[in-house]
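Let me put the structure up and walk you through a sheet and some helices.

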Amino acid sequence: MLWHRCISYSIAMSKIHIPTPLRQYVGKQASVDVAGSTVGEAMNALVSQHPELRKHLYTEDGKLRAFVNLYLNDEDIRYLQKEATALKDGDNISIVPSIAGGC
Amino acid sequence: MATTTEIPVTLNKDEILRYSRHLIMPEVGMEGQQKLKAARVLCIGTGGLGSPMALYLAAAGVGTLGLVDFDVVDYTNLQRQIIHFTSDVGRKKLDSAADKLKAINPYLNLRTFDTRLSSANALELFREFDIIADGTDNFPTRYLVNDACVLTGKPNVYGSIFRFEGQASVFATEEGPCYRCLYPEPPPPGLVPSCAEGGVLGILPGLVGIMQATEVIKLILGVGEPLIGRLLLIDALGMKFRELKLRKNPDCPVCGTHPTVTKLIDYNEFCGIRGEEKPVSNGVPEIQVEDLKRRLDAKEDLFVLDVREPHEYQICNIGGYLIPLNDLPKRVNELDSSREIVVHCKMGGRSAKAVAFLQQAGFQKVHNLAGGITAWADRVDPKVPKY
């Protein structure tokens, strides 16, 4: 007898907050709504929709650049499951790049 | 946070009257005001962030304030560096700041350091203070300040700004994270523009600088919840404040359990900057403003491409064809690759990127106008306004 394990998963809709220096690559939006069940999927959706953004966030071998941090709600994903961190509907992903201005 | 001085500090009658609005609050009181007077705070930079910080710390009665700045007041500073006045243009920022701070509070023990903070002087300097307030404007110095704070055990009250957004936190406390826990590596040079290139809303360093001053005072008094382990994100346009959790990274090379950085390094090298930060030409072919003028006057067939933003074009232009840098990939078909093209921007940085892009797109006759429209205004046509 065959039995199937039903994996039910819904693709969550999250909001990705875009920091000022990068808004020029997403048509000046302050946030972008994307679908994705993990942080990695949501970010991939973002850079696929806005390809110019990719090189500012990811290296050529697909790693998140070290001066960019990703937060899920208020937690750094490095302390969660990194890009495998699961998303729920309505989650907020923040891209937090370093800025140095003070003058 | 306790200060390191053991000498009991007293307030005279005049000071008691001056600080009465502090003294009547139990959160400050005589004890708190004495802690403020005994405190020694070092402000790195007397520019956008340093201005409001120094002003409020002096007013609050911080006993010893150190200021580090090697710069001179520039006309473009006046839009936001409120410690400097029109009459101060051309003066050393330290002298300008000292005048105003002593006028606000003659009890202030002001120590000025007319020097560029460097790996050679930072440790010795920081040891003489209790709290460091980072008001600098570039990545190498931010990493230097952070590392020196961790190595000397002084808290780093951090603030940074860009256009209309800011960040604030307190780094380098014993249990808390340091700047490198958040950003182990700096961005490559040229990716994040400075205030001169990207612009900044004048009030923004005021908003963020006051937050830093607030954190300094809270640390001295030992009251409230300091921004240790918290990154405050400020969006001035939306007037929204968000907070992210920061954790101390046990693998942090500076403040972790097995630090690999145990002395100060070459921070320019760390940030990938070689030599002076000038508009980088990146090896693209250049033309000087005098040559462009000469060739235009001789009615040579040159196409001048301006890659600045429309609002910059409205400030001043030399009649170039405007395609903002970020639109260039989409609009490259508007250009004729058989013509000789001279590309310019404000200072030569963006236009260098445009030339590199056009070369990759197969354009062979492109040159970057070295120094941009600023050099044109300086050397060819002084009637062209600079901005």
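So, in chain B there's an open sheet of eight strands, and reading across, the order is E3-E2-E1-E4-E5-E6-E7-E8, with mixed pairing. Keep in mind that this is a predicted model. From one strand to the next, the twist averages 15°.

Who's at the edges? In chain B, strand E3 (109-113) and strand E8 (240-245) are, and each has a single partner strand, so one side of each is left without a neighbour in the sheet.

Now look at strand E1, residues 40-44 of chain B: E1 runs parallel to strand E4, residues 131-134 of chain B, and four bridges join the two.

Helix H10 of chain B, residues 204-221, lies across E1, E4, E5, E6 and E7 of chain B. Relative to E5(B), H10 runs at about 170°.

Okay, on to a helix pair. For helix H4 (residues 50-60) and helix H5 (residues 93-104), both of chain B, the angle is about 25° and the axes are 9 Å apart. The cut-off for roughly parallel is under 35 degrees, so H4(B) counts as roughly parallel to H5(B). The crossing is right-handed.

And which residues meet there? From H4(B) we have Ala54(B), Leu55(B), Ala58(B) and Ala59(B), and from H5(B) we have Ala97(B), Leu101(B) and Ile104(B). That contact has seven nonpolar residues, no polar and no charged ones.

Note on methods
Residues numbered from 1 in each chain as written. Chains lettered and ligands numbered in written order. Predicted model: local features only at pLDDT ≥ 70, side-chain atom pairs only at ≥ 80, totals over all residues. Axes fitted to C-alpha atoms, helices over the stretch in contact; angles between N-to-C directions. Parallel < 35°, antiparallel > 145°, perpendicular 65-115°, else oblique. Left-handed = near helix turned anticlockwise from the far one by under 90°. Contact = placed C-beta atoms within 7 Å. Nonpolar A, V, L, I, M, F, W, Y, C, P; charged D, E, K, R; others polar. Pairing = 2+ DSSP bridges.
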